[in-house]
Amino acid sequence: MRRLAADRAKRLIRSFLAAQSSLSVSSPSSFLSSPASAAMSTSSTPTVSLASINPKVLKCEYAVRGEIVTHAQRLQEDLKAKPGSHPFDEILYCNIGNPQSLGQQPITFFREVLALCEHPSILDRDETHGLFSADAIARAWEILDVIPGRATGAYSHSQGIKGLREAIAAAGIASRDGYPCNSDDIFLTDGASPAVHMMMQLLIRSEKDGILCPIPQYPLYSASIALHGGSLVPYYLDEETGWGLEISDLKKQLEDARSKGITVRALVVINPGNPTGQVLAEENQRQIIEFCKEESLVLLADEVYQENIYAGGKEFNSHKKIARSMGYGDKDISIVSFQSVSKGYYGECGKRGGYMEVTGFSADVREQIYKVASVNLCSNISGQILASLVMNPPKPGDESYDSFTAERDGILSSLARRAKALEDAFNSLEGVTCNKAEGAMYLFPRIRLPTKAIEAAKAVNSVPDAFYVRRLLETTGIVIVPGSGFGQVPGTWHIRCTILPQEDKMPAIVSRFKAFHESFMEEFRD
Ligand code: DCS
């Protein structure tokens with residue numbers, strides 16, 4: 001009886017496939033071994049195995065949420081089920097730039113506007129004027145007025161709501177840079193990550209296409225290049241000069257890749273740097289732009305940490321601004337600038353807002369970028385609103401201005417103090433040297449591990465810096481990321497630690513770290 005039903009189902013599927021043959025990319029037999037038929041089959045062979053999935057997925061690695069974090073989550077479960085089961089009572093996540101998860105408070109003005117936009121019916125109520133600032137109410141009206149039908153629950157234009165893009169272009173980018181910005185160049189995205197993927201998808205045709213990436217780099221780039229089947233062409237940042245970018249190394253790596261038959265399509269620059277924290281000097285940016293122009297490379301400028309600058313005398317300059325100041329227009333150079341609501345002083349990672357500003361691409365290529373964006377329909381509307389707010393915050397004279405600047409400056413100056421406290425702590429450890437975090441949210445100290453520790457790591461099949469990081473977690477509950485997840489000069493070992501724990505937690509973290517490091521060095525001293 002059951003057999004007859006299964007036969008009938010197979011016949012039905014076959015006739016369905018015949019009718020859909022123009023849509024089907026899998027053969028009928030592979031369709032019949034899909035999960036639908038697996039339910040009918042008695043065989044226990046899994047339909048999908050590691051050997052049969054896309055090898056590009058297997059190749060892709062993402063250290064900031066990798067093995068060490070999974071281990072930390074297990075320890076956290078242990079602590080919950082059995083308090084006192086580890087030598088610490090909480091897990092401290094210093095592995096990821098996720099400020100609000102460590103207690104950073106959102107900026108009031110941004111959240112007021114978001115709340116009002118999400119629930120516009122309260123805008124007309126009298127009580128609202130007592131609860132929300134006048135400029136937040138006015139801004140919510142302005143935003144709702146540019147959303148067709150004021151429908152924040154509707155799909156928007158695939159590039160994002162036009163009026164929000166106009167605000168980002170004029171009040172945000174043009175006033176930041178002093179050069180015009182066209183709202184049609186802005187693509188609003190769910191954070192910067194999807195924008196990076198979109199550009200990789202556009203540029204990478206095969207493994208013969210290469211993308212020049214800094215080493216160390218933020219692993220979104222290596223992961224995205226792997227997923228899209230391209231080749232990462234490394235250029236090394238120089239630790240000795242505070243993670244400086246040497247144009248001579250760029251040239252050397254480019255020529256080397258070309259000699260191997262790789263067509264290098266783009267250059268990634270992360271400024272301020274992740275994980276390295278350096279802020280590029282203007283002169284260096286000019287050299288980069290000249291290099292991209294001469295070599296016909298797209299400049300992928302990751303500028304998500306543009307508000308995170310702590311070193312006196314350093315300032316953020318967008319690459320587009322520098323290019324325009326050199327007299328290069330849209331026809332001369334292709335630049336994509338990525339920005340995100342996850343970073344800066346706002347740290348709204350979970351809201352998933354961001355954009356890319358795409359300049360110097362022909363109209364027909366732009367249409368293709370639009371097509372790719374449209375496959376996702378649109379980015380989420382709260383993220384779009386937030387992106388417009390971070391690029392156009394309260395201005396002098398607005399009711400919220402003073403409280404807004406106090407919140408913003410409070411967060412940024414605290415981040416600067418935390419960066420310095422951690423930098424000093426790392427530099428006081430035996431065998432550790434740590435460059436200044438001029439910007440961004442991380443420190444990337446170098447650790448000279450004793451040979452015995454390197455051998456102990458090998459004995460358990462671990463990379464030495466990952467071995468150190470795991471020991472640190474198991475002893476102190478502090479989660480950081482091994483430098484090997486970002487790339488480093490072979491034979492050197494690093495760790496990446498965020499500067500994000502709140503200031504009242506810093507002394508305890510520093511002393512736990514110091515005690516761990518001393519005993520680790522003692523245990524493995526050569
Ligand atoms: N670019 C850089 C340089 C980043 O550091 C990040 C996130 C992103 C892009 C993407 O972020 P969004 O998609 O949220 O906009 N930084 C990761 C990190 O190193 N820690 O946390 C996440």
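Guide: Phe467 and Phe524 are both buried (under 20% relative accessible area, with exposed over 50% and partly exposed in between; 1.4 Å probe, protein chains only). This is a predicted model, where local features need pLDDT of at least 70, side-chain atom pairs count only at pLDDT 80 or more, and totals for chains, interfaces and linings use all residues. Residues are numbered from 1 along each chain as its sequence is written, and side-chain values use heavy atoms, without hydrogens and water.

Visitor: What kind of aromatic pair do Phe467 and Phe524 form?

Guide: The structure holds 16 aromatic pairs. Phe467 and Phe524 form an edge-to-face one, 5.8 Å centre to centre with 70 degrees between the planes. Rings of Phe, Tyr and Trp (its six-membered ring) pair if their centres lie within 6.5 Å; planes under 30 degrees apart are stacked, over 60 edge-to-face, the rest tilted.

Visitor: Which parts does the pair tie together?

Guide: Phe467 lies in helix 19 (residues 464–476) and Phe524 in helix 20 (residues 506–524), so the pair ties together parts 57 residues apart in sequence. Helices (H or I, at least four residues) and strands (E, at least two) are DSSP runs, numbered from the N terminus.

Visitor: Switching to the ligand. Which residues come nearest?

Guide: Ser193, Asp302, Tyr305, Ser340 and Ser342, of the 18 residues around the ligand. A residue is near if one of its heavy atoms lies within 4 Å.

Visitor: How far is a ligand oxygen from the side chain of Arg352?

Guide: It is 2.7 Å from an N or O atom there. For Ser340, an oxygen atom of the ligand is 2.6 Å from a side-chain N or O atom.

Visitor: How much of the ligand does the protein bury?

Guide: The protein buries 95% of the 490 Å² that the ligand exposes when taken alone. Those areas come from the Shrake-Rupley method with a 1.4 Å probe; for residues, only the protein chains shown count as cover.

Visitor: Back to Arg352. Where is it?

Guide: Arg352 sits in the loop between strand 8 (335–340) and strand 9 (354–359). Its phi is near 50 degrees, a positive value in a residue other than glycine. Arg352 is partly exposed, at 30% relative accessible area.

Methods: A polar contact is a pair of N or O atoms within 3.5 Å; within protein, one must be able to donate a hydrogen and the other to accept it, and residues adjacent in sequence count only if both atoms are side-chain atoms.
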